[in-house]
Amino acid sequence: MPKQTFFNLPHEKKQMLIRSAEAEFSRVPLYQASISNIVKEAGIPRGSFYQYFQDKEDAFFFLLDDLSRKRQEVFINLLKKYDGDLFTALEAFFQVAVTEVENLDFMRNTFLNMTYRIEESFLKMLSGRQNEKQFREVSTLIDKRKLNLSGDKELYHMMIILTSVIVRNFVEKFARGLPDEEAINNFKIEMKLLKKGLYYTTET
């Protein structure tokens, strides 16, 4: 989390620092990123960087968490648009996210260098992991009549599974260089499998 001095910056200077950090993390993954490049691009002394962030990880996860919050807003709006149909909203969400070019390089570097902490940031995005208020907001929008679930605990775990599927599909898209259409079709197949269930049973 950035220090309070960062939030106290004038808007223009704050945005310049954000854009400089985004440019560096879009150029290379986190472990290769250089604070020197960030401060050079932002036009500030290196010492000033540490007045705003603890280290480069602090800056990176600030950007990633901000992006995750924006993605969550998109997901919530799609849930509203599709009257709480979870699977339809997720398919639309993946299509929107996978075809967006604005943060393409940043996302590629992030997904191809996945760590537990990065994955946790994405899990919080849709499932509300570690944020009960966020989970409740999503839960109230989902039409649970269409889901074979018994309560919010199962819904929570299902959202974890679905978010993990989204993350894995992004990793596959970037790792294999899949065209958007192929990545979207692969995701739809997996959503269809989860929607209809994987275990065949016969009633006796």
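Reply: Gln72 counts as buried because its relative accessibility is 11%, where buried means under 20% relative accessible area, exposed means over 50%, and partly exposed lies in between (1.4 Å probe, protein chains only). The model is a predicted one, in which local features need pLDDT of at least 70 and side-chain atom pairs count only at pLDDT 80 or more, while totals for chains, interfaces and linings use all residues. Residues are numbered from 1 along each chain as its sequence is written, and side-chain values use heavy atoms, with hydrogens and water left out.

Gln72 belongs to helix 5 (residues 56-81); helices (H or I, at least four residues) and strands (E, at least two) are DSSP runs, numbered from the N terminus. Apart from neighbours within four places in sequence, Gln72 has contacts with Met125, Gln134 and Val138, a contact being heavy atoms within 4.5 Å. With Gln134, the side chain of Gln72 also makes a polar contact of 3.5 Å. A polar contact is a pair of N or O atoms within 3.5 Å; within protein, one must be able to donate a hydrogen and the other to accept it, and residues adjacent in sequence count only if both atoms are side-chain atoms.

Arg71 is also buried, since its relative accessible area is 11%. Arg71 makes a salt bridge with Glu100, with 2.7 Å between the closest N and O atoms. This pair joins distant parts of the chain, 29 residues apart: Arg71 is in helix 5, and Glu100 is in the loop between helix 6 (86-99) and helix 7 (104-111). Glu100 is partly exposed, because its relative accessibility is 27%. A salt bridge is a side-chain nitrogen of Lys or Arg within 4 Å of a carboxyl oxygen of Asp or Glu, and the structure holds 12 of them.

Another salt bridge joins Lys146 and Asp85, at 3.3 Å from N to O. Asp85 lies in the loop between helix 5 and helix 6 and Lys146 in the loop between helix 9 (132-141) and helix 10, so the pair ties together parts that are 61 residues apart in sequence. The two partners can be read separately: Lys146 is exposed at 53% relative accessibility, whereas Asp85 is buried, with a relative accessible area of 14%.
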